[in-house]
Amino acid sequence: MTVDIPAVAERINRLFDVAHLKEDPEQTAGHVARSISTILGQYIPASRIEELRGGGAATPPEPEMLVALEQHFDAPRTYLTEDGPHTAAVDFQLQVVIRARNAGVKRIEARHGKGPFRSAIAEIV
């Protein structure tokens, strides 16, 4: 079984998308750049964040910057820095949260039952 793992740019965009309420806008690249600059202790321009989001950055993302982005968005460690089943699982969970938020879901309750929970959720999203 192959696991689809989105590109780093897509995962960065997913973090921007999940980190706001339905009625609020996404954080700006400038806001995130200021936060990343503080975390790293060096200036990071907003244009660098925009490059990373676009996926066409001339310079690949530095591992330290990816870790700082994970910290800023309070994302699970290694979501941006590793490719593997854990990354795919986290990405799936973020997609569920985003779609539920966008659909206006206020509360989710789950019961442990029989059958593949992931498949059932996949049909919804």
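The model is predicted, and local features are reported only at pLDDT of at least 70, side-chain atom pairs only at pLDDT 80 or more, whereas totals for chains, interfaces and linings use all residues. Residues are numbered from 1 along each chain as its sequence is written, and side-chain values use heavy atoms, with hydrogens and water left out.

The chain contains 6 helices and 0 strands, where helices (H or I, at least four residues) and strands (E, at least two) are DSSP runs numbered from the N terminus. In sequence order the pattern is α-α-α-α-α-α. The chain has 125 residues, of which 33% are buried; buried denotes under 20% relative accessible area, exposed over 50%, and partly exposed the range in between (1.4 Å probe, protein chains only). The accessible surface of the chain is about 8,300 Å², and carbon and sulfur atoms account for 54% of this surface. Areas were computed by the Shrake-Rupley method with a 1.4 Å probe, and for residues only the protein chains shown count as cover. Of the contacts (heavy atoms within 4.5 Å) between residues at least 6 apart in sequence, 57% connect residues at least 24 apart.

Helix H5 covers residues 85–102. Its 18 residues should span 26 Å at 1.5 Å a residue, and the end C-alpha atoms are 26 Å apart, in agreement with this value; the expected span is 1.5 Å times one less than the number of residues. Buried positions in H5 include Thr-87, Ala-88, Val-90, Asp-91 and Phe-92, as well as Leu-94, Val-96, Ile-98, Ala-100 and Arg-101.

The charged end of Arg-53 is placed over the ring of Phe-16, 3.7 Å from the ring centre. The criterion is NZ of Lys or CZ of Arg within 6 Å of the ring centre and within 35 degrees of the ring normal. The structure also holds 1 aromatic pair, defined by centres of Phe, Tyr or Trp rings (six-membered ring of Trp) within 6.5 Å, with planes under 30 degrees apart counted as stacked, over 60 as edge-to-face and the rest as tilted.
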